[in-house]
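Biologist: Before we discuss this protein, I would like each label to be set against its cut-off. Could you show it and then take my questions in turn?

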Amino acid sequence: MKLGTAKPFPYEFELKRTALVIIDMQRDFVEPGGFGESLGNDVSLLRAIIPSCQAVLNAWRELGGLVVHTREAHRPDLSDCPPAKRSRGNPSLRIGDEGPMGRVLVAGEPGNEIIPELAPRPGEIALDKPGKGAFYATPLQGLLQQVAITHLVFMGVTTEVCVQTSMREANDRGYECLLLEDCTESYFPQFKAAAVEMFRAQGAIVGWTATSAELLAALASAR
Ligand code: C5J
């Protein structure tokens with residue numbers, strides 16, 4: 001398949017060698033009343049991408065493509081949360097504290113679940129990651145190698161934090177990465193815009209960008 005209008009130049013991929021990676025579409029980041037909102041963020045910005053993410057996920061599933069979901073999640077004893085990470089942010093609501101949807105960024109808590117609109121299905125990979133990147137302290141690379149994945153298509157939040165870190169980690173590991181611009185969002189629109197420009201600058205130094213419409217058209221022609 002080829003996305004002829006991807007930036008900065010066409011992106012080619014084989015579905016069986018490509019995984020759709022959905023970063024951290026968790027209730028605590030995306031839903032009103034969660035951790036993200038408690039930090040003063042407007043979650044409606046993030047909620048706006050749910051329909052385009054759903055459209056891509058549904059089309060990907062119909063073609064039998066591999067799907068990877070991630071959650072920013074720590075063990076209940078916080079042994080995988082370095083003090084340097086926990087001590088920053090909102091001092092009155094830290095990682096592991098009791099928040100509006102259970103303990104903040106702790107595995108198994110209600111706020112840590114992926115939103116129901118994009119909930120993982122049996123057979124899909126769903127990973128807890130204690131860092132911002134999807135590869136750090138997770139089995140992701142081994143799982144992708146087992147099925148000979150070479151290309152990754154990214155969606156999720158937030159663009160300049162966990163999506164950016166994951167895409168850069170993937171790029172350094174040799175994956176050909178595409179970011180779907182209308183399937184990723186930030187609480188800070190200017191940070192998203194800058195991150196998107198950075199990914200594709202200097203001849204795709206981190207990877208490519210495209211819209212969900214472009215990908216959906218390519219997937220439809222493969223049916
Ligand atoms: C943040 C994330 N923003 N998933 N996490 O802390 O981007």
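Biologist: Which residue forms a salt bridge with Glu-181, and how far apart are the closest N and O atoms?

Modeller: The partner of Glu-181 is Arg-200, with 3.0 Å between the closest N and O atoms. A salt bridge is defined as a side-chain nitrogen of Lys or Arg within 4 Å of a carboxyl oxygen of Asp or Glu, so the pair qualifies. Glu-181 lies in strand β9 (residues 176–185) and Arg-200 in helix α8 (residues 189–204), so the bridge ties together parts that are 19 residues apart in sequence. Helices here are DSSP runs of H or I with at least four residues, strands are runs of E with at least two, and both are numbered from the N terminus.

Biologist: What should I keep in mind about the origin of these values?

Modeller: This is a predicted model, in which local features need pLDDT of at least 70 and side-chain atom pairs count only at pLDDT 80 or more, while totals for chains, interfaces and linings use all residues. Residues are numbered from 1 along each chain as its sequence is written, and side-chain values use heavy atoms, with hydrogens and water left out.

Biologist: Why is Arg-200 called buried, and why is Glu-181 called partly exposed?

Modeller: Buried means under 20% relative accessible area, exposed means over 50%, and partly exposed lies in between, with a 1.4 Å probe and protein chains only. Arg-200 has 12% and is therefore buried, whereas Glu-181, with 23%, is partly exposed.

Biologist: What makes Lys-129 and Asp-24 a salt bridge?

Modeller: Their side chains meet at 2.8 Å, N to O. Lys-129 lies in strand β7 (residues 125–129) and Asp-24 in the loop between β3 (18–23) and α1 (27–30), so this pair ties together parts that are 105 residues apart in sequence. Lys-129 counts as buried because its relative accessibility is 0%, and Asp-24 counts as buried at 0% too.

Biologist: How many salt bridges does the structure hold?

Modeller: The structure holds 13. Among them is the pair of Glu-31 and Arg-27, whose closest N and O atoms are 2.8 Å apart; Glu-31 counts as buried at 14%, and Arg-27 as partly exposed at 22%. Glu-72, Lys-85 and Lys-132 are linked in a network of such bridges.

Biologist: How do you know that the span of helix α4 agrees with its number of residues?

Modeller: The expected span is 1.5 Å times one less than the number of residues. For the 13 residues of α4 (residues 50–62) this gives 18 Å, and the end C-alpha atoms are 18 Å apart, so the two agree. Buried residues of α4 include Cys-53, Val-56, Leu-57 and Trp-60, and just after the helix Gly-64 takes a positive phi of about 80°.

Biologist: What makes the protein as compact as a globular protein of its length?

Modeller: The protein has nine helices and 10 strands. Its radius of gyration, taken over C-alpha atoms, is 17 Å, close to the 17 Å that the globule rule (2.2 Å times the number of residues to the power 0.38) gives for 223 residues, so the protein is as compact as a globular protein of that length. Buried residues make up 52% of the 223 residues, and the C-alpha trace spans about 50 × 35 × 30 Å along its principal axes.
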